[in-house]
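The sequence and structure come first.

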Amino acid sequence: MTEEQPLEVARHFDGFELRRCPFHVVAGVTTELPFEQAGNNAFGFLFGYLKGQSRSQSSVAMTAPVSQHSTQEGGCTVAFVLPAS
């Protein structure tokens with residue numbers, strides 16, 4: 001089962017919610033690709049990290065949510081929230 005980051009709904013708006021989450025660490029990749037293509041491009045790198053393709057060579061469990069946002073330079077950053085442990 002995927003660990004989910006605890007979220008508190010701070011306020012409801014028409015069509016969306018404003019949420020608060022506790023301090024957390026992410027593993028992220030920034031790409032120069034547009035938002036629509038960034039997720040597919042970044043996923044391979046992030047999945048490799050979770051499966052131990054890092055300096056420590058230790059696996060990390062998948063968590064939720066995954067975030068994706070545009071950068072000021074026109075690219076996009078995709079990030080996985082790492083487990084609380």
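## Contacts and salt bridges

The side chains of T77 and T30 form a polar contact at 2.8 Å (N or O atoms within 3.5 Å, one able to donate a hydrogen and the other to accept it). The model is predicted: local features need pLDDT of at least 70 and side-chain atom pairs pLDDT 80 or more, while totals for chains, interfaces and linings use all residues. Residues are numbered from 1 along each chain, and side-chain values use heavy atoms, without hydrogens and water.

T77 sits in strand 7 (residues 76-81) and is buried, with a relative accessibility of 14% (buried is under 20%, exposed over 50%, partly exposed in between; 1.4 Å probe). Leaving aside residues up to four places away in sequence, T77 also touches V29 and S67, among others (contact: heavy atoms within 4.5 Å).

There are two salt bridges (a side-chain nitrogen of Lys or Arg within 4 Å of a carboxyl oxygen of Asp or Glu).

| Salt bridge | N to O distance |
|---|---|
| R20 and E8 | 3.5 Å |
| E17 and R19 | 2.9 Å |

R20 belongs to strand 3 (residues 16-20) and E8 to strand 2 (residues 8-13), so their pairing ties together parts 12 residues apart in sequence. R20 is exposed at 52%, E8 partly exposed at 45%, and E17 partly exposed at 32%.

The lining of the largest pocket has 14 residues, with F23, H24, L82, P83 and A84 nearest the pocket centre.

Key: 1 Å grid on protein atoms, 1.4 Å probe; cavity = no way out; pocket = protein on both sides within 12 Å on 5 of 7 lines; lining within 4 Å. Helix = DSSP H or I, 4+ residues; strand = E, 2+ residues; numbered from the N terminus.
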